[in-house]
Amino acid sequence: MADVESRSWIGGEWAAQAGEIVEVHDPSEVSREVGLLHLSEAAAASEAVEAARYASAAWDRQGSPARAEALSAMAAALERDREAVAALASQEMGKPITEMRGEVARGVQILRFYAAEGVRAVGEVIPHSQTQVLQYTTRRPLGVVGIITPWNFPVAIPLWKIAPALLCGNTVVWKPAESASLTAARLAQLAAASGLPAGVLNLVVGRGSEVGQALVEAAPLDGLSFTGSTATGMRVAAAAAARNIKYQVEMGGKNAAVVLNDADVDLAVSAVVSGAFRSAGQKCTATSRIIVQDGVYGAFCDRLRQAMRAVRLGPALHPDTYVGPLASEAQFEKVSRYAHQAARATVVAQAPVEGVDLGAGYFVPPTVVTDVAPGDPLVQEEIFGPLAAILRCASFDEAVALCNQTVYGLSAAVFTRDLSQGLKFLDAADAGMVRVNQETAGVEYAAPFGGLKQSGSHSREQGTAALDFYSHTKTCAVYYGP
Ligand code: NAD
């Protein structure tokens, strides 16, 4: 298979027959074709589950130290190929190359983290009410796990699901987003080259509404992990619950950064600019609401305007680009509609667009607006683009109330020099990840990650929390004699 093609990879073989073929164009320069997708039809979901089921018993029998070795080999392969993977992803979905390099390095760390988990103690010994009985818990794999991923972290999100799933002894059927399927095929190639047995990881490339839906609604899965929009995630959760499949869904966000009167304004501004605009705002943890207390409002807006002048919009492969294009035409159209609405509000700050060929790609200038009501769609809906809104508040309590006035609950941050206010915010903010003097975006691979309310299904990913999801706990008891 050519590097710039993607097709399903099932039972250790690339799908021979092509279904629909779709051209992939570089979002930084839409006239440039970067590869081809051979989309599979719905039947591929069940074929992949069958291949995964066939490989399941032998993979389970290998034991976790051997599976850990396989993850280490994948880490080494990804590290060797890091520059090519980063460049391919940048051209496929428009993330600036500097960020993409960081994401690939994160992918290597995730694989190594779970490889290390493979030799750690599992379970606990629990006293039994009878004597001469050894009672203990152990972990068993779920079986065949379906993994459905979005395009915005084309390397890190798939790996933070696949690595713990494989380590726990599951085999996997992975359905990547259409806009990240070239990168997905590259990762599958690396897994194959690193010696992962056939059928342990299977890739199904196709449309969410066909292959994704078939995986969720019909394929005989034992577990399902989804990351994507809230609209799709709620449907996935309902289908999995109806079939009593263990599932987790990680969904959208509308994350707030709260800047209180005693904040270090320079720190707050740099965290807001990075949190709102890296990845062109296409992070589930992106800062999209900025809640600023009256006493610091003027100073914050002045510093923000200054900082935004230095934000470089440009093509993803340019080494100086800070904000790249949006990932796809659909994204561009959706975000442009919000940008149009934002033109009604007061623009506080905007990144310069001089020297950028805006028409060549899916570029939307990073913009911060104010004078919008808390109920405005710009403040309530997940835009998933480089637009953020400032809301003013008079007090700490009002700031917390505004922060929590959303259906989402993924990430929230407060900027303050007062430890007491910071700690009170951590208690009061309705979000799965809460921070003091740090941006809302960014995750730690060793720590639990996930959201409240409509941001997730209340389980956690990453760290050792992922091992809880990808396994059953069995309670074992052995009577060893009178
Ligand atoms: P999406 O919901 O459109 O697609 C996600 C995945 O689901 C894709 O692989 C898609 O092909 C598949 N899919 C689509 N329809 C399906 C169906 N009917 N059945 C099964 N699968 C289906 O989301 P997206 O546009 O790819 O990603 C952006 C969204 O992801 C944003 O809302 C963002 O907040 C969210 N996200 C959340 C997290 C998190 O951890 N909470 C992380 C990253 C992105």
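Author: Start with a definition: angles under 35 degrees count as roughly parallel, over 145 as roughly antiparallel, 65 to 115 as roughly perpendicular and the rest as oblique. This is a predicted model, where local features need pLDDT of at least 70, side-chain atom pairs count only at pLDDT 80 or more, and totals for chains, interfaces and linings use all residues. Residues are numbered from 1 along each chain as its sequence is written, and side-chain values use heavy atoms, without hydrogens and water.

Reader: At what angle do helix α2 and helix α4 cross?

Author: Two packed helices are described by the angle between their axes and the distance between the axes. Axes are lines fitted to C-alpha atoms, for helices over the stretch in contact, and angles run from 0 to 180 degrees between N-to-C directions. Helices (H or I, at least four residues) and strands (E, at least two) are DSSP runs, numbered from the N terminus. Helix α2 (residues 64-80) and helix α4 (residues 97-117) cross at roughly 165 degrees, and their axes come within 8 Å. α2 and α4 are therefore roughly antiparallel to each other.

Reader: Is the crossing of α2 and α4 left-handed or right-handed?

Author: A crossing is left-handed if the near helix is turned anticlockwise from the far one by less than a right angle, and right-handed if clockwise. α2 passes α4 in a left-handed crossing. Now take helix α3 (residues 82-93) and helix α6 (residues 181-193): they pack at about 160 degrees, with axes 8 Å apart. α3 passes α6 in a right-handed crossing.

Reader: How much space lies in the largest pocket?

Author: Rolling a probe the size of a water molecule over the atoms shows where empty space is left. On a 1 Å grid over the protein atoms alone, a pocket is an open set of points where a 1.4 Å probe fits, with protein on both sides within 12 Å along at least five of seven lines; lining residues have an atom within 4 Å of a point. A volume is the space filled by probe spheres set on the points. Here the largest pocket holds about 970 Å³. It has 35 lining residues, and W151, F226, G228, S229 and T232 are the closest to its centre.

Reader: Which element gives the most to that lining?

Author: α7 does, with 6 residues.
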